[in-house]
Amino acid sequence: MTVELEVAGGWLTVCPLSALVPGRGVAVLLPDGSQAAVFLDRAGRPYAIGNQDPFTGAHVLSRGLVGRAQGRPFVASPLLKQRFDLESGRCLDDEEVAVRTYRVRTAPAP
Amino acid sequence: MTVPEPLPAIVLIGHGMVGQRYLEALAERGATATHRITVLCEEPRPAYDRVHLTSYFSGRTPEDLSLTPAGFMERHGIELRLDDPAEHVDTAARTVTARSGRVVPYDVLVLATGSHPFVPPVPGRDAPGCFVYRTIEDLLAIEEYAKTRSSGAVVGGGLLGLEAAGALQGLGLATRVVEFAPRLMPAQVDEGGGAALLRTIESMGLTVHTGVGTQEVLTGQDGSVCGMSLSDGSTVETGLVVFSAGVRPRDQLARAAGLAVGERGGITVDARCRTSDPRVYAIGECAQAVDGRVYGLVAPGYEMAETAAEDLLGREKEFTGADLSTKLKLLGVDVASFGDAHGTAEGSLDVVWSDSRSGVYKKLVVSPEGVLLGGVLVGDADAYGLLRPLTGSVPPVAPERLVLPAGAGAPVALGPSSLPDTAVICSCHNVTKKAVTACATLAEVKKCTKAGTGCGSCLKVIGQLLPAAAGQGLCGCFPYTRAELYEIVRTRRLASYRDILDGHGSEEARGGDGCEVCKPAVGSIIASLAPALGASGYVLDGEQAALQDTNDHFLANLQRNGSYSVVPRVPGGEITPDKLIVIGEVARDFGLYTKITGGQRIDLFGARVDQLPRIWARLVDAGFESGHAYGKALRTVKSCVGQTWCRYGVQDSVRMAIDLELRYRGLRAPHKLKSAVSGCARECAEAQSKDFGVIATASGWNLYVGGNGGAVPRHADLLAQDLSDAELVRLVDRFLMFYIRTADRLERTSTWLERLEGGLDHLRDVVVHDSLGLCDELEALMADHVAHYRDEWAETLSDPERLRRFVSFVNAPGAPDPTVRFVPERDQVKPDLAVLTVGGAAR
Ligand SMILES: Cc1cc2nc3c(=O)[nH]c(=O)nc-3n(C[C@H](O)[C@H](O)[C@H](O)COP(=O)(O)OP(=O)(O)OC[C@H]3O[C@@H](n4cnc5c(N)ncnc54)[C@H](O)[C@@H]3O)c2cc1C
Ligand code: SF4
Ligand code: FES
């Protein structure tokens, strides 16, 4: 199985599913030079959001710890620990802030 | 002059689990002070946890299994004679003769001789390569012999046989089980349960023969085991045979002494555990209880021990029988049976759920009036903790709702709150729900009722019964404090975050992903207990990798622009010119910013994730190790130059600092730890601002603890004075392990010490005077840590799999992260924060 991310040009294959550890993320370099953070939760569901932490500007969200609160998956930024909902991109600790999300899916390896 | 009356003499024969419990029961009741007690012990070691014997193969040492608290015998004036079994009892003369020839007179004799494994009388059963499975010595012998063989067989597919089979498989042997009955675990499970068990066990790679007997153990030319012939006419090859065909009470001593024994063996006792001679008691597996049963389980044995102790003091307590509930972790399969599991009561009805695809089988036995009588659970014994206490009452929901899997239309709405107050929650210590709910915390439950301190299978329900007061637990996922979780992990030997979360997390958190608060805390608990749990100490193995903060995950410190800093260990701050040069060269070649830290080390800043392995390859090559600057672990032990160079110095502070730093390197703790050693009272190393600080005196070392720099500075307290080198190390061992065990998440030693009830005096009682009897355990844990320490970076570099994570981008492993950039400042680099100004974020 591979993990695919939807970008402007269509579905982009980013890595084999086995490269993801449940509960951890990886960073992906997108064709336009921007970065996404892709995660796997414990149930094996993939999520993708922007990799840049809006509070510090550093591209580090992929390195945060994944958790679940009120049934929703989130990642906590490794820098100052703000949490971001992995489905909506909303920051759970500051209503005004959000990061972008990407559609992501797993597909059989070609 | 008056001659003091001699104290009445108690002789205990057999120092097994029940024997030890008896001694503790006497001690708790003050009877050790009023009696002279002698224990004759056949084995070469004091009592140990036989129930968890098999965990020896998953890394527990015989010392870990010990059940005898250090100093217990001395404290209570008990004479323990190891390796000296009783050979003869003379009830008329009231003496016991031991193998050593010693004759010990008694006023009260207690037999706790346990049982011995039954070996069916098949030819060849004594050949080299045949074993039984009962003592630590048996395990050591099996382990040694297994090294020379590639296959093994277990005769007997009962509870112990399967446990032994799991152990053989774990030793790398192709393993088969031969069971005479038509199903596995015939005594505990019924046909349906046996079938579910069989499928699961076969899927684990074991070969199972049911309904066949062993006819002969075949031997090769050298006389050792090479195979077996079975009653179905077949012959199988095997290099080793373990007999596990049941146990027989060891009643020979009693028989020879003329005491009454049961028809099928077992020393006959009354409800007060007295034999046919009222001066002689028999307890545990060697006894046949008043209900005519010989109990092969530890909980009834413990109750008999209490009964005999009460009776000795003239108090009333009776043991009239116990239920045979068991919950087992066999080869990773959950199996539990309780109450009338076979439905022998008149008119009883079964409710059965069976899913052979997933190996799950659940059966409840109920009376026509709906009273729960017993049950069998295979493959998913989660409900055991609740169902056992419900036995004997009408469950608050229909029985079928108790066995259907969650999500199959009928969710189990039953929580522990629905249990009656009289329900027994902890069967090891006979503690009711009422007694549990009278306590506020797990620690209190354990202290006041002992519940949860035996087999641990009740901990989960206890956790659910305790108030999950907000702010009390670690986080939303766990109703426990860190210290309580530590105890759960330790006593239940859980090395998997998932098991801990699913088994002990709050209702909502189970099955979920946890959170950023409890994951690192649990990761740290597992890391600090790893050797004792038989888990990998490498913090990034398997699931543990997902628990670590980014620092621990990349074994480096994350800095504000997403780059990392690297800090090699420089023990005691002492470094050679050659090593200094290597650090300089590495920094120059990778363009890193260098700074001497407050802890006498050199920090290298500005490394990208993908550079870390190459940087560390050079450092490791030059003899450097990880300084754990990233972890909640020991950071540095600073030192002054001490006696070697300084004209005031009275001890070699550098040597001591290096020794301490090397001893505690890699030790995971609730908070980072710092230390220092000064060579005299002038205190140039600032030892009194450290978690533990050492200051030399003319006659040794003074140890200070609980100091703190940082935002809330605190001067350390003097714990002990004028210690020798060895005494100092021993005290620090105890102090650190006691802190790790009882502190909260992110609680520094200073706040911990201030929170500790009784403060410094209490701490001193515990670690210096051993008031809790914990010190041996604390020292053993530290010894484990020291023995298992391996440098994390050397380990990482040696494994290409582990190195694969050190890339900036999963889809472009070679590409550096373009946003990690630097600009010059004072002849070095600093982060280019301009490139980080937030672009697309909706701020
Ligand atoms: C591998 C294994 C797993 C088990 N798992 C479980 C479980 O999950 N749950 C459960 O409830 N039970 C379990 N048991 C059973 C449990 O260990 C016993 O019920 C318990 O140990 C009985 O305690 P005891 O003191 O009566 O006997 P033991 O613990 O056997 O102690 C008897 C001691 O007496 C000594 N002795 C015998 N004769 C003499 C003599 N003449 N002089 C001096 N000393 C003598 C023996 O050497 C022995 O050390 C297990 C047992 C084994 C072997
Ligand atoms: S603490 Fe004492 S021994 Fe150490 S450098 Fe200072 S004066 Fe010298
Ligand atoms: S049931 Fe064994 S400790 Fe409670």
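This is a predicted model: local features need pLDDT of at least 70, side-chain atom pairs count only at pLDDT 80 or more; totals for chains, interfaces and linings use all residues.
**Arg748(B) and its partners**

Let's start with a loop in chain B. Arg748(B) sits between α22 (725-742) and α23 (749-755) of that chain. Setting aside neighbours within four places in sequence, Arg748(B) is in contact with His671(B), Lys672(B), Asp691(B), Asn708(B) and Tyr739(B). Take Asn708(B) from that list: it is 40 residues away from Arg748(B) along the chain, yet the two C-alpha atoms are separated by 8.0 Å.

**Ligand 1**

Now for the ligands. There are 29 residues around ligand 1, and those that come nearest are Val18(B), Glu42(B), Glu43(B), Arg134(B) and Glu285(B).

| Residue | Protein atom | Distance to an oxygen atom of ligand 1 |
|---|---|---|
| Met17(B) | backbone N or O | 3.3 Å |
| Val18(B) | backbone N or O | 2.8 Å |
| Glu42(B) | polar side-chain atom | 2.7 Å |

How much of ligand 1 does the protein bury? Taken alone, ligand 1 exposes 1000 Å², and 94% of that is buried by the protein. Two elements of chain B, α1 (17-28) and α6 (159-170), each give two or more residues to the shell. The biggest giver is α1(B), with three residues. By residue type, the shell around ligand 1 splits into 15 nonpolar, seven polar and seven charged.

**Ligand 2**

Ligand 2 is also surrounded by chain B residues. Cysteines in its shell include Cys640(B), Cys646(B), Cys680(B) and Cys684(B). The glycines there include Gly642(B), Gly649(B) and Gly679(B), and you'll also find Tyr648(B), Ser678(B), Arg682(B) and Glu683(B). Sorted by type, the shell around ligand 2 comes to five nonpolar, four polar and two charged residues.

**A sheet in chain A**

Over in chain A, three strands make an open sheet, ordered β6-β7-β8, with antiparallel pairing. Which strands are at the edges? Those are β6 (65-69) and β8 (83-85) of chain A, each of which pairs on one side only. Going from one strand to the next, the twist averages 35°.

If you zoom in on one pair, β7 (residues 72-76) of chain A runs antiparallel to β8(A), and the two pair over three bridges. As a landmark to click on, Phe74(A) stands opposite Asp85(A), which belongs to β8(A).

Key: Residues are numbered from 1 along each chain as its sequence is written. Chains are lettered from A and ligands numbered from 1 in the order in which they are written. Side-chain values use heavy atoms; hydrogens and water are left out. A residue is near a molecule or strand if one of its heavy atoms lies within 4 Å of it. A polar contact is a pair of N or O atoms within 3.5 Å; within protein, one must be able to donate a hydrogen and the other to accept it, and residues adjacent in sequence count only if both atoms are side-chain atoms. Accessible areas come from the Shrake-Rupley method with a 1.4 Å probe; for residues, only the protein chains shown count as cover. Helices (H or I, at least four residues) and strands (E, at least two) are DSSP runs, numbered from the N terminus. Ala, Val, Leu, Ile, Met, Phe, Trp, Tyr, Cys and Pro count as nonpolar, Asp, Glu, Lys and Arg as charged, and the others, Gly among them, as polar. Two strands pair if DSSP finds at least two bridges between them. Axes are lines fitted to C-alpha atoms, for helices over the stretch in contact, and angles run from 0 to 180 degrees between N-to-C directions. Contact means heavy atoms within 4.5 Å.
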